[in-house]
Amino acid sequence: MSTNPPLCIRMHPNDNVAIVANDGGLPAGTRMPDGLTLRDAVPQGHKLALQDIAAGDAVRRYDVVIGHAARAIAAGSWVHERLLAMPAARALDGLPRATQPAPALPPLEGYTFEGYRNADGSVGTRNLLAITTTVQCVAGVLDVAVKRIRDELLPLYPQVDGIVALEHTYGCGVAIDAPDAIIPIRTLRNLAQNPNFGNEVMVVSLGCEKLQPERLLPPGSLPILNAQADAAQTLDVVCLQDAAHTGFESMIDHILANARVHLERLNARRRETCPASALVVGVQCGGSDAFSGVTANPAVGFCSDLLVRAGATVMFSEVTEVRDAIDQLTARAATPEVADAMVREMAWYDAYLARGSVDRSANTTPGNKQGGLSNIVEKAMGSIIKSGTAPISGVLSPGEKLRDRGITQGLVYAATPASDFICGTLQLAAGINLHVFTTGRGTPYGLAEVPVVKVATRSDLARRWHDLMDINAGRIADGAASIEDVGWEMFRYLLDVASGRRRTWAEHWKLHNALVLFNPAPIT
Ligand code: CA
């Protein structure tokens, strides 16, 4: 048990519950600073009733009804998930559309980072050779080739930070003409053009697969393939079934030879001073707990506002974790059209879940609940805080790219599943060059394609995972730092990481989660 004075955190004056902040929780009989005595032991991050709550009454956190009391709850009791009946999801009609006035967010000027400018106008934070694949069948061969490129070629090109094989399980054995197949296909198309790949596109194909290279990357889908290339450039494809290949080693030689051409060009690039407005920051959370919405996510939200004020793009996602806050988000939309696009994405996802006979409540994990989050409503209220206070100025469907929608700044909602790897993959396709990831339970998540900055919600996690967590937002609950302090620290840290002056822990240890496509279409 904690030796610190008992501390609970109430998010809003209208709330009738608060969460226990102390490491290890608090025992029954603890007298809280306001005189309330705990009737039960309450674990860290879990809720206590601040007043008597009658059966059927609303339980409020974040000034939102997170459930109704399943039975009478006396003041000082532990309010756990079994005491809460979850409210129904808000209907998607009659929502407020762009009704909330935009907050005053004065421009933030003068902040820069050192990045790699691309011919298409985007800016990379790393200088990577990415090799796109059309089908999983080539993955084994490509793995061998990548190892050789890493060992034999990369030392010759010291300005190149690394090589990434964009492997996936799509490409064949799939209903490629199903309407929803557009999602995995455009995700792969846009992944190939992430800003960190320098507009260089190289493809390894098998030959007989459904997702042919011309279908994945048709002429015209790549506005600018390479800075030095003319418009008539053809797609660089190594096809393993090509008649020119005799044996395995000729395939490897071919891949290495083609990789050299791209490495030469990438190696000639240098970092240049770029305005902070060139940052495209994807935010998400994983392994959340009740502190996510108290410490890490509010700090990310503050940092999001700083980024938006600096002219950067901030992307938040995770449909099931915003669904219960849809009325707040449509009110914050910059225009009625943006609000309608938010509703369109929610409706699509409601129908997608219904096809599987579930709803958004399928989101929460045993770890979330152990961490104090009773249900998806409570989780969502903590999750949306990552988006800060800026108006929502654009919406992307899964797998779409910001630049295809003409979006180069502001707060954007990119509809994705909440699954960490799928959300990360879709945000990469949308064009992020930095990723901020908050966690309360702890996950070693990382991506090979962009730096992932991990933010701990609790000091206890930050201490134990001292070489995995980049920023400790738990200091906010400890009273050692304010949300603003941690938000500014995060903003400056992002500029350092973007510039290559600092590496994240996930980069240091080379922790790379797989790309995972969102494929709502049938498999054959
Ligand atoms: Ca997630």
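Asp 151 forms a salt bridge with Lys 147, and the closest N and O atoms of the two are 2.8 Å apart. Because Asp 151 and Lys 147 are four residues apart in helix 1 (residues 139–153), about one helical turn separates them. Asp 151 itself counts as partly exposed, at 47% relative accessibility. The model described here is predicted.

**Salt bridges**

- Side chains of opposite charge can pair when their charged atoms come close.
- The structure holds 28 salt bridges.
- Glu 489 forms a salt bridge with Arg 475, with 2.5 Å between the closest N and O atoms. This pair links distant parts of the chain, since Glu 489 belongs to helix 13 (residues 483–498) and Arg 475 to helix 12 (residues 474–478), 14 residues apart.
- Both partners count as partly exposed: Glu 489 has a relative accessibility of 32%, and Arg 475 has one of 25%.
- Arg 60 and Asp 63 also form a salt bridge, in which the closest N and O atoms are 3.3 Å apart. Asp 63 is partly exposed, with a relative accessible area of 26%, and Arg 60 counts as partly exposed at 26% relative accessibility.
- A network of salt bridges links Arg 126, Asp 161, Arg 503 and Glu 507.

**Domains**

- The domain assignment divides the chain into domain 1 (1–88), domain 2 (113–271) and domain 3 (282–509).
- Between the C-alpha centres of domain 1 and domain 2 the distance is 52 Å.

**The calcium site**

- Five residues coordinate the calcium ion: Gln 284 (OE1), Cys 285 (O), Glu 318 (OE), Ala 418 (O) and Asp 420 (OD), at 2.3 to 2.6 Å.
- Along the sequence, the donor residues of the calcium ion follow the spacing Q-C-x32-E-x99-A-x1-D.
- Gln 284 and Cys 285 are both buried. Glu 318 is buried as well, because its relative accessible area is 0% and buried means under 20%.
- Glu 318 is placed in the loop between strand 16 (313–316) and helix 6 (326–332).

**Nonpolar cores**

- The largest nonpolar core has 76 residues. Within this core, the residues with the most contacts are Leu 279, Leu 307, Tyr 413 and Met 490.
- Leaving aside its neighbours within four places in sequence, Leu 307 is in contact with Leu 279, Val 281, Ala 312, Val 314, Phe 491 and Leu 494.
- Another core, of 40 residues, lies apart from the largest one. Among its residues are Val 164, Ala 181, Leu 211 and Tyr 445.

**Aromatic pairs**

- A pair of aromatic rings is described by the distance of the centres and the angle of the planes.
- A search of the whole structure finds 12 aromatic pairs.
- One of them is the edge-to-face pair of Trp 488 and Phe 491, with 5.6 Å centre to centre and 90° between the planes. Because these two residues are three residues apart in helix 13, about one helical turn separates Trp 488 and Phe 491.
- Trp 505 and Trp 509 form a stacked pair, 6.2 Å centre to centre and with 15° between the planes. Trp 505 counts as partly exposed at 29% relative accessibility, and Trp 509 counts as partly exposed at 42%.
- Ring pairs also link Trp 348, Tyr 349, Tyr 352 and Phe 518 into a cluster.

**Positive phi angles**

- Asp 63, a residue other than glycine, has a positive phi, near 60°. Asp 63 is found in the loop between strand 4 (58–61) and strand 5 (64–69).
- Glu 318 is likewise a residue other than glycine with a positive phi, here near 70°.

Definitions and conventions:
Residues are numbered from 1 along each chain as its sequence is written. This is a predicted model: local features need pLDDT of at least 70, side-chain atom pairs count only at pLDDT 80 or more; totals for chains, interfaces and linings use all residues. Side-chain values use heavy atoms; hydrogens and water are left out. Domain bounds come from an automatic or database domain assignment. Donors are N, O and S atoms within 2.8 Å of the metal (3.2 Å for Na, K and Ca); water is not among the atoms, so sites may look incomplete. Buried means under 20% relative accessible area, exposed over 50%, partly exposed in between (1.4 Å probe, protein chains only). A salt bridge is a side-chain nitrogen of Lys or Arg within 4 Å of a carboxyl oxygen of Asp or Glu. A nonpolar core is a set of buried Ala, Val, Leu, Ile, Met, Phe, Trp, Tyr and Cys residues joined through side-chain atoms within 4.5 Å. Contact means heavy atoms within 4.5 Å. Rings of Phe, Tyr and Trp (its six-membered ring) pair if their centres lie within 6.5 Å; planes under 30 degrees apart count as stacked, over 60 as edge-to-face and the rest as tilted.
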